[in-house]
Amino acid sequence: MPGDRRMRGVRNLYGMRGVRRYATLLAASLALSAALSGQGLAHADTGPAAAAAARAADGCPSAGGRWADDGPFAVTKERAGLGHTILRPTELGSGGCTKHPVIIWGNGTFVTPVVYDGLLKHLASHGFIVVAANTTQSGTGTAMLGGLDVLKKADADPKSPYYGKVDLEKVGAAGHSQGGGGAINAGADPRVDVTVPIEPGPLGRVGGLKGPLLILGGERDLVVVPELLVIPRFEAADQVPAVYGELAGATHLTPAGDGGGFRGPITAWFRYFLMGDQEARGEYFGADCRACSSPVWSDFRRNALATGHDG
């Protein structure tokens, strides 16, 4: 039976002790997907939220430290063929931005981008073009990287709203669960500059990464246990600046929907490394590194290369 094959796949991915816990996660995720699916995938706009007038180095408006709040851009969501869903600023090239950095996204096992709809819209509202792979099996990172090919073609098309407005020199990879492992795999591609795996499953070797890593765990995650699958990879990523954050109270379902407490930290990381936002830099680096002593983390660590950014 298909369900039996799926559970065997979960057993191989997470081990026997994770099967029942993952079944609970899957049921909850599919329920959330059904609840959100009525929003549609063709075009859905959200209005801009109030934002500070502060500017990042590239001129894109900044939230001025309020990374968990929606950014200043209205957001459009649209299909890119069958393979990808794009969430982007509605008016590309507006508000002082000339080009928009890209975030490629990978979903957890058996779910699609709609499960993370609020989080992906949030990132787009801060000026990013988010291209999410529609696959429910994103662990190799291949489908995620395919989104870059989609955007490269659109950026070169004079008839496209993306024409000349996609910054393919500034690319981040992010994903949750199996998609977190996919983000690590995609991060080995030379086109990817920075990586944010969220509660990543066992796929993905950090030895291939060439740019900064923010790897995130959940204090109460019983599916991807931080001590087994997240912290060891943080410790192994000694060739790049790496930061580990374990969100207090977070379960494996916390990143679904609007991203919960992960939303702000992810936004700040990408704002700094892909947009040069100096306000965002202070979250992780400098003498007054805010995340270093924030109670939102049950565990927070930086490796030697990351602390080197303090100067």
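User: Start with Cys292. Buried or exposed, or in between?

Analyst: Cys292 is partly exposed, at 37% relative accessible area. Buried means under 20% relative accessible area, exposed over 50%, and partly exposed in between, with a 1.4 Å probe and protein chains only. This is a predicted model, where local features need pLDDT of at least 70, side-chain atom pairs count only at pLDDT 80 or more, and totals for chains, interfaces and linings use all residues. Residues are numbered from 1 along each chain as its sequence is written, and side-chain values use heavy atoms, with hydrogens and water left out.

User: Which residue does Cys292 form a disulfide with?

Analyst: Cys289, with the sulfur atoms 2.1 Å apart. A disulfide here is a pair of cysteine sulfur atoms within 2.5 Å. The link is right-handed, with 90° about the S-S bond. Cys289 is buried, at 6% relative accessible area.

User: How many disulfides does the structure hold?

Analyst: There are 2. The other pair is Cys60 and Cys97, S to S 1.9 Å. Cys60 sits in the loop between helix H2 (19-36) and strand S1 (75-80), and Cys97 in the loop between strand S2 (84-89) and S3, so the bond ties together parts 37 residues apart in sequence. Both Cys60 and Cys97 are buried. Counting bonded cysteines along the chain, the pattern is 1-2, 3-4.

User: Now the overall picture. How many helices and strands?

Analyst: The protein has 9 helices and 9 strands. These are DSSP runs numbered from the N terminus: helices are H or I with at least four residues, strands are E with at least two. Of the 311 residues, 55% count as buried. Take contacts between residues at least 6 apart in sequence: 67% of them join residues at least 24 apart. Contact means heavy atoms within 4.5 Å.

User: What about helix H5, how many of its residues are buried?

Analyst: 8 of the 9 residues of H5 (residues 178-186) are buried, so the helix is largely enclosed by the rest of the structure. Among the buried ones are Gly179, Gly180, Gly181 and Gly182. Gln178 and Ile184 are buried too.

User: And Ser177, where is that?

Analyst: Ser177 is in the loop between strand S5 (166-176) and H5. Its phi is positive, about 60°, although it is not a glycine. Most residues other than glycine have a negative phi. Ser177 is buried, at 1% relative accessible area.

User: Which residue has a positive phi of about 45°?

Analyst: Glu199, which is not a glycine either. Its place is the loop between strand S6 (194-198) and strand S7 (213-218). Glu199 is buried, at 0% relative accessible area.

User: Switching to His100. Where does it lie?

Analyst: His100 lies in strand S3 (residues 100-106). At 0% relative accessibility, it counts as buried.

User: What lies 2.9 Å from a polar atom of its side chain?

Analyst: The backbone nitrogen of Gly93. The backbone oxygen of Gly127 is also placed by the His100 side chain, 2.8 Å from a polar atom. Leaving aside neighbours within four places in sequence, the residues in contact with His100 include Phe73, Pro89, Ile129, Lys165 and Asp167.

User: Next, the largest pocket. How much space lies in it?

Analyst: About 170 Å³. The search uses a 1 Å grid over the protein atoms alone, and a pocket is an open set of points where a 1.4 Å probe fits, with protein on both sides within 12 Å along at least five of seven lines. Grid points are joined across faces, edges and corners, and the volume is the space filled by probe spheres set on the points.

User: Which residues lie nearest its centre?

Analyst: Gly264, Pro265, Glu283, Val296 and Trp297, out of 14 lining residues. A lining residue has an atom within 4 Å of a point. The elements giving two or more residues to the lining are helix H7 (263-275) and helix H8 (278-284). H7 gives the largest share, 3 residues.

Terms used: Polar contact = N/O pair within 3.5 Å; in protein donor to acceptor, adjacent residues only side chain to side chain.
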